[in-house]
Amino acid sequence: MEQERMGETLWELRVNLLRLALSIVHNSHDAEDAVSTAMEHALRKGAALREKEKLRPWAMKITARCCYDLLRRGKRETPQEFLPEETALQSEGSLYIEITELPPLYGQVLILYYYEGFSTLEIASILRLTRPTVSMRLKRGREMLKQRLQEVEDDENESL
């Protein structure tokens, strides 16, 4: 795949990559750093990639690895209000915010499955997990999300 076309495609994927990174590191600055590093790596190593349709899962896999590397190095600071005003992900809505507040193990698989449209097998490949592990995390993540949404609804009903 030629460099210029790959760069354009990666630029189009930046919000998707940032969404995944936020679900892992829970900090917008670290997520942006991880995405930048992942995009740089993809541009350097992308000449070997021949099929355009494999770029998206490959870029997701690189982004996840960069996030885990960042966390392993201990550079993550205490999370702040992690969706700043100018973030492109602000338009995702309150459901997305609720998902990102779940533990990263569950939030990242929910985001990859529902927002990015990956299958459980593709998610397993991206995150280096087994397919049953991904399925279990999806199930538990859905349960946690349902509980969180029920609590929010109960709080809203009590305030009325």
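**Figure 1. The whole chain.** Among contacts in the protein between residues at least 6 apart in sequence, 71% join residues at least 24 apart. Contact means heavy atoms within 4.5 Å. This is a predicted model, with residues numbered from 1 along each chain as its sequence is written. Local features need pLDDT of at least 70, side-chain atom pairs count only at pLDDT 80 or more, totals for chains, interfaces and linings use all residues, and side-chain values use heavy atoms, with hydrogens and water left out. Helices (H or I, at least four residues) and strands (E, at least two) are DSSP runs, numbered from the N terminus. Of the 160 residues, 41% count as buried. Buried means under 20% relative accessible area, exposed means over 50%, and partly exposed lies in between (1.4 Å probe, protein chains only).

**Figure 2. Helix α5 against helix α7.** Helix α5 spans residues 104-115 and helix α7 spans residues 131-159. The two pack at an angle of about 100°, and their axes are 8 Å apart. Axes are lines fitted to C-alpha atoms, for helices over the stretch in contact, and angles run from 0 to 180 degrees between N-to-C directions. α5 and α7 are therefore roughly perpendicular to each other. Angles of 65 to 115 degrees count as roughly perpendicular, under 35 as roughly parallel, over 145 as roughly antiparallel and the rest as oblique. From α5, the contact is made by Leu105, Tyr106, Gln108, Val109, Leu110, Tyr113 and Tyr114. From α7 come Arg137, Leu138, Arg140, Gly141, Arg142 and Met144. By class, this contact of α5 with α7 has eight nonpolar, two polar and three charged residues. Ala, Val, Leu, Ile, Met, Phe, Trp, Tyr, Cys and Pro count as nonpolar, Asp, Glu, Lys and Arg as charged, and the others, Gly among them, as polar.

**Figure 3. Helix α6 against helix α7.** Helix α6 covers residues 120-127. α6 and α7 pack at an angle of about 105°, with axes 8 Å apart. That makes α6 roughly perpendicular to α7. On the α6 side are Thr120, Leu121, Ile123 and Ala124. They meet Arg131, Val134, Ser135 and Leu138 in α7. The residues of this contact of α6 with α7 divide into five nonpolar, two polar and one charged.

**Figure 4. The aromatic pairs.** A search of the whole structure finds two aromatic pairs. Rings of Phe, Tyr and Trp (its six-membered ring) pair if their centres lie within 6.5 Å. Planes under 30 degrees apart count as stacked, over 60 as edge-to-face and the rest as tilted. Tyr96 and Tyr115 have ring centres 5.5 Å apart and planes at 75°, so the pair is edge-to-face. This pair links distant parts of the chain: Tyr96 sits in helix α4 (residues 94-100) and Tyr115 in helix α5, 19 residues apart. Tyr96 is buried, at a relative accessible area of 0%. Tyr115 is partly exposed, at 25%. The other pair is Tyr113 and Tyr114, with ring centres 4.8 Å apart and planes at 85°, so this pair is edge-to-face. Tyr113 is partly exposed, at a relative accessible area of 30%. Tyr114 is partly exposed, at 46%.

**Figure 5. Arginines over aromatic rings.** Arg14 lies over the face of Trp11, at 4.1 Å from the ring centre. Arg56 lies over the face of Phe118, at 4.5 Å from the ring centre. A charge sits over a ring if NZ of Lys or CZ of Arg is within 6 Å of the ring centre and within 35 degrees of the ring normal.

**Figure 6. Two loop residues with positive phi.** Most residues other than glycine have a negative phi. His26, not a glycine, has a positive phi of about 60°. His26 is found in the loop between α1 (3-25) and α2 (28-45). His26 is buried, with a relative accessible area of 9%. Arg128, not a glycine, has a positive phi of about 55°. Arg128 lies in the loop between α6 and α7. Arg128 counts as exposed, at 59% relative accessibility.

**Figure 7. Pro104 and its contacts.** Pro104 lies in helix α5. Pro104 is partly exposed, with a relative accessible area of 31%. Leaving aside its neighbours within four places in sequence, Pro104 is in contact with Ser23, Ile24 and His26. Pro104 and Leu20 are 84 residues apart in sequence. In space, Pro104 and Leu20 are 9.9 Å apart, C-alpha to C-alpha.
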